Amino acid sequence: MMLHFELVTPERLVRSDEVFMVTVPGTDGDFAVLEGHAPFMSTIRDGNVLVQKSENAAPETIAIRGGFAEVNANGLTVLAEHAG
């Protein structure tokens, strides 16, 4: 099973992909999201989003600044003030 992941900034859609796991720098600490995660929302701090395409893949790092993350039935959406 794969997680649908989108990374969006005010300027553009940065990433839309099916991935294994994403680790997000939440305001209260990093959190990892897999397919089927319970719905929730979190503010995010400046840091790195780690995107794992498959279970054994090395994570890809995307630097972000501020924003929100939402997990729902459709997957994970990160709304960042800036990415890249």
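User: What should I know before we start?
Analyst: It's a predicted model, where local features need pLDDT of at least 70, side-chain atom pairs count only at pLDDT 80 or more, and totals for chains, interfaces and linings use all residues. Residues are numbered from 1 along each chain as its sequence is written, and side-chain values use heavy atoms, leaving out hydrogens and water.

User: How many aromatic pairs are there?
Analyst: The count is one aromatic pair, with ring centres of Phe, Tyr or Trp (its six-membered ring) having to lie within 6.5 Å.

User: Why is the Phe-31 and Phe-40 pair called edge-to-face?
Analyst: Because their planes sit at 75°, with the centres 5.0 Å apart; planes over 60 degrees apart count as edge-to-face, under 30 as stacked and the rest as tilted.

User: Is Phe-31 buried or exposed?
Analyst: Phe-31 is buried at 14% relative accessible area, while Phe-40 is partly exposed at 27%. Buried means under 20%, exposed over 50%, and partly exposed in between (1.4 Å probe, protein chains only).

User: Switching topic: what does Thr-23 touch?
Analyst: Beyond its neighbours within four places in sequence, Thr-23 contacts Asp-30, Phe-31, Ala-32, Asn-48, Val-49 and Leu-50, contact being heavy atoms within 4.5 Å. Thr-23 is buried, at 18% relative accessibility.

User: And which residues make the nonpolar surface patch?
Analyst: Met-41, Phe-68 and Leu-79, giving about 320 Å². Met-41 itself is exposed at 56%.

Terms used: Patches are made of residues with over 30% relative accessible area and no salt bridge: like charges are joined within 9 Å, nonpolar side chains (Val, Leu, Ile, Met, Phe, Trp, Tyr) within 5 Å. Accessible areas come from the Shrake-Rupley method with a 1.4 Å probe; for residues, only the protein chains shown count as cover. A salt bridge is a side-chain nitrogen of Lys or Arg within 4 Å of a carboxyl oxygen of Asp or Glu.
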